[in-house]
Amino acid sequence: MIGREWKKRTHHCGSLRIEDVGRDVVLNGWVQKRRDHGGVIFIDLRDVSGLVQVVFNPEISAAAHEVAGELRGEYVISCRGTVGARPADSVNPRLATGEVEVRVEEADVISASLTPPFEIQEGSDVDEALRFRYRFLDMRRRDQLEPLILRSRVAVTVRNFLDSRGFLEIETPMLTKSTPEGARDFVVPSRLQPGKFYALPQSPQLFKQLLMIAGIDRYYQIARCFRDEDMRADRQLEFTQIDLEMSFIEPEDLIAIMDAMFVDLFRRVMSVELSDPFPQISWQEAMEAYGTDRPDPRWGMEIDDFSSIFSATDFKLFRSILEEKGRVRGFKVDGLIAPARRELDSLVSEAQRLGAGGLVWMVREGDSLRSPVAKFLSQGETDALIEKAAMVEGEVFLLAAGPGDLNPVLAGLRQYCIKNFAPQPAEAWALLWVIDFPLFDWDENEKRYKSNHHPFTSPSRRTLELLDDDPLQVTSDSYDMVLNGVEIGGGSIRIHDPELQDRIFKILGLGEQEVEEKFGFLIEAFRYGAPPHGGIAYGLDRLAMLMAGKDSIRDVIAFPKTQSGLDLMTAAPDIISQAQLKELRIRST
RNA sequence: GGAGCCGUGGUGUAGCCUGGUUAACACGCCGGCCUGUCAAGCCGGAGAUCGCGGGUUCAAAUCCCGUCGGCUCCGCCA
């Protein structure tokens, strides 16, 4: 053997139990903590499985005790000794291994450690930037490792499920072609083709469709994707999708198999029994009732339309808004009874922050309403409001009105109320489908239609006839999965008819030449017998984040980047040498 | 591209608003004592150009401007 000798472990630290008493064991691990009593020295020894106390008693081994005296935090050691039951009064109930200890007879330092830049201790609050610079130390902490373990279990469970359902895991290229539409591409210069660039995939979309045309029938991949856009707590430059595609299916086939996958996932990973099928709500309904396309129904507080109550109102503000074809919508605030003035004011200022012109609040007091606008309302309107909103004494009701889009304000206010007033929901997990998205959105800046999902999404059959006359009314065979108000996945049935695909490209304003250049290979493939197909992609990072109860996907990524795209550990991105640039035929400023 | 918050020994914070002694506290670190601790204890010690640059002032951690870094959000993310 080269280098220092060390004894290989026979057990993991966290695995020892009272049944192991009397065993001769060897442990390898990191020194978590040393407690030196002058005579006896206690070490908490840590490995991936957990902690165990090892005891160095000079009466058992003077040599080992001497080694223990040299030990410091994060030293890697090997020690051999006997598992002993702790004296009854020194059992530690907070440790899984707290009934035992290892009485050390031989010990070796495998490698020493500098004093770490922060305490390697669960729960200690350390600046995230410092943690990411020393992520290899950060991950030694159980509470930092745990989300990564969970993520691994999610990935394995999904793999096993899809494998059992006949899906083939197939890898697609990382060095691929830039496509129009969608996010900004990361590009990679080509040495062999000077002046040309690969793009890193934003998703394996085109390749998985080609796999369907290839007759693969069912494909999946846990695929890395790249989008050069600004980051958020739930967005990184590179992220991972659970990507899959199926042939000869309709939306309900895919939804059924995904329902089964999530039941299986939550059962195996979370020990939670979800009941499928999961609810489906149309995009239109979601926007009406929640003001967003990713509703979280756990909190109630559904938005309703109260315009009809004010059809003949004397309240000038509402009347003029209704005359302009505007609407009056609102919701009842759960968890806020007999509010303080300060709470009502906070709602108004939140509404203003969200861009509302104003917000009308109302509090039921007997048969009347306390409200800044109460004096403008007739008793009939008051009665109708109380009844329609089902307000009980002291409850708060919010109304927003306007000719414009009220959804951002209403959805934002609902979020605010959830955060500040709402009681904990009965259900911990709300998983649902949002379906029937519009096929196109109108891009006001570019004055053209854009795909709501992507250009290969199939219009739904029942709205297909509107495609030429009123594209915005066309819905698509698409579906998003939403978990607790977070979009975790989205997909669609794809177009497999080249002529229909042509029409879509035209509506999107993509010229024939551009289509040929960018998607020619796909269009050509469609001409060789394409099966009907569709699929979905889930954000593994977001899913793992939610399941781990974290607020940022950085917590479920081993080596994340900062908001400005830096890897604080490796200092990437970095400049490259003139020689490298020259080889790539790139001039840099 | 824009808005907001943050940056003080190794770590986490206080001090900043209202400028003025030696920049305080806890943890960690180093040394000593200590044979049953597990947030070990007791005694002692070292350790801070207050992110960086400029300005105002007799005097700046503190006020002003700029800049760098981190975070949150808007735009952006088919």
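Buried means under 20% relative accessible area, exposed over 50%, and partly exposed in between (1.4 Å probe, protein chains only). By this criterion Cys 417 is buried, at 0% relative accessibility. Cys 225 is also buried, with a relative accessible area of 0%. A disulfide is a pair of cysteine sulfur atoms within 2.5 Å. The count under this rule is zero.

The model is predicted: local features need pLDDT of at least 70, side-chain atom pairs count only at pLDDT 80 or more, and totals for chains, interfaces and linings use all residues. Residues are numbered from 1 along each chain as its sequence is written, chains are lettered from A and ligands numbered from 1 in the order in which they are written, and side-chain values use heavy atoms, with hydrogens and water left out.

An unreviewed UniProt entry annotates a "binding site" that includes Glu 229 and Arg 542. UniProt positions follow the numbering used here, feature names are shortened, and annotations may be inferred rather than shown by experiment.

Glu 229 sits in the loop between strands S9 (218–226) and S10 (238–247). Helices (H or I, at least four residues) and strands (E, at least two) are DSSP runs, numbered from the N terminus. Glu 229 is partly exposed, at 32% relative accessibility. Beyond neighbours within four places in sequence, Glu 229 is in contact (heavy atoms within 4.5 Å) with Ala 183, Arg 184 and Leu 237. A polar atom of the Glu 229 side chain lies 2.9 Å from the backbone nitrogen of Arg 184.

Arg 542 belongs to helix H14 (residues 540–547). With neighbours within four places in sequence set aside, its contacts include Asp 234 and Glu 487.

Methods: A polar contact is a pair of N or O atoms within 3.5 Å; within protein, one must be able to donate a hydrogen and the other to accept it, and residues adjacent in sequence count only if both atoms are side-chain atoms.
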